[in-house]
Amino acid sequence: MPQRKISSQDFALYFKELGAKIDIIVTKKVAPRAVDRNRIKRLIKEALQHLNSKNGLKIIVRRNIAGLKEQEVQSKIAQLLKFK
């Protein structure tokens with residue numbers, strides 16, 4: 001079964017089977033510092049927790065969003081999940 005993909009300037013979201021683990025991928029090309037990569041992952045995890053997203057997702061980060069606030073990341077992800 002092909003995975004559904006929704007993308008924006010900041011993220012690419014792939015939908016997996018229900019109940020699957022959520023994968024967050026941040027490459028060194030996007031954020032060279034490990035501190036930034038970990039912050040991005042933490043921001044996305046917190047945003048998904050507030051959105052009550054229990055779907056299996058694979059999120060690939062395309063741009064360094066470490067400087068954004070949690071609400072901004074949450075709104076960006078919520079916009080993408082609307083088009084689900």
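Asp23 is partly exposed, with a relative accessible area of 23% (buried means under 20%, exposed over 50%, and partly exposed in between, for a 1.4 Å probe and protein chains only). Asp23 forms a salt bridge with Lys16, and their closest N and O atoms are 2.7 Å apart; the term denotes a side-chain nitrogen of Lys or Arg within 4 Å of a carboxyl oxygen of Asp or Glu. Lys16 likewise counts as partly exposed, at 23% relative accessibility. The model is a predicted one, in which local features need pLDDT of at least 70 and side-chain atom pairs count only at pLDDT 80 or more, while totals for chains, interfaces and linings use all residues. Residues are numbered from 1 along each chain as its sequence is written, and side-chain values use heavy atoms, with hydrogens and water left out.

The structure holds three salt bridges. Asp10, Arg63 and Lys76 are linked in a network of such bridges. Asp10 is buried, with a relative accessible area of 4%, whereas Arg63 is partly exposed at 34% and Lys76 is partly exposed at 26%. The closest N and O atoms are 2.5 Å apart in the pair of Asp10 and Arg63. The closest N and O atoms of Lys76 and Asp10 are 2.8 Å apart. Lys76 lies in helix 2 and Asp10 in the loop between strand 1 and strand 2, so this pair ties together parts that are 66 residues apart in sequence. Helices (H or I, at least four residues) and strands (E, at least two) are DSSP runs, numbered from the N terminus.
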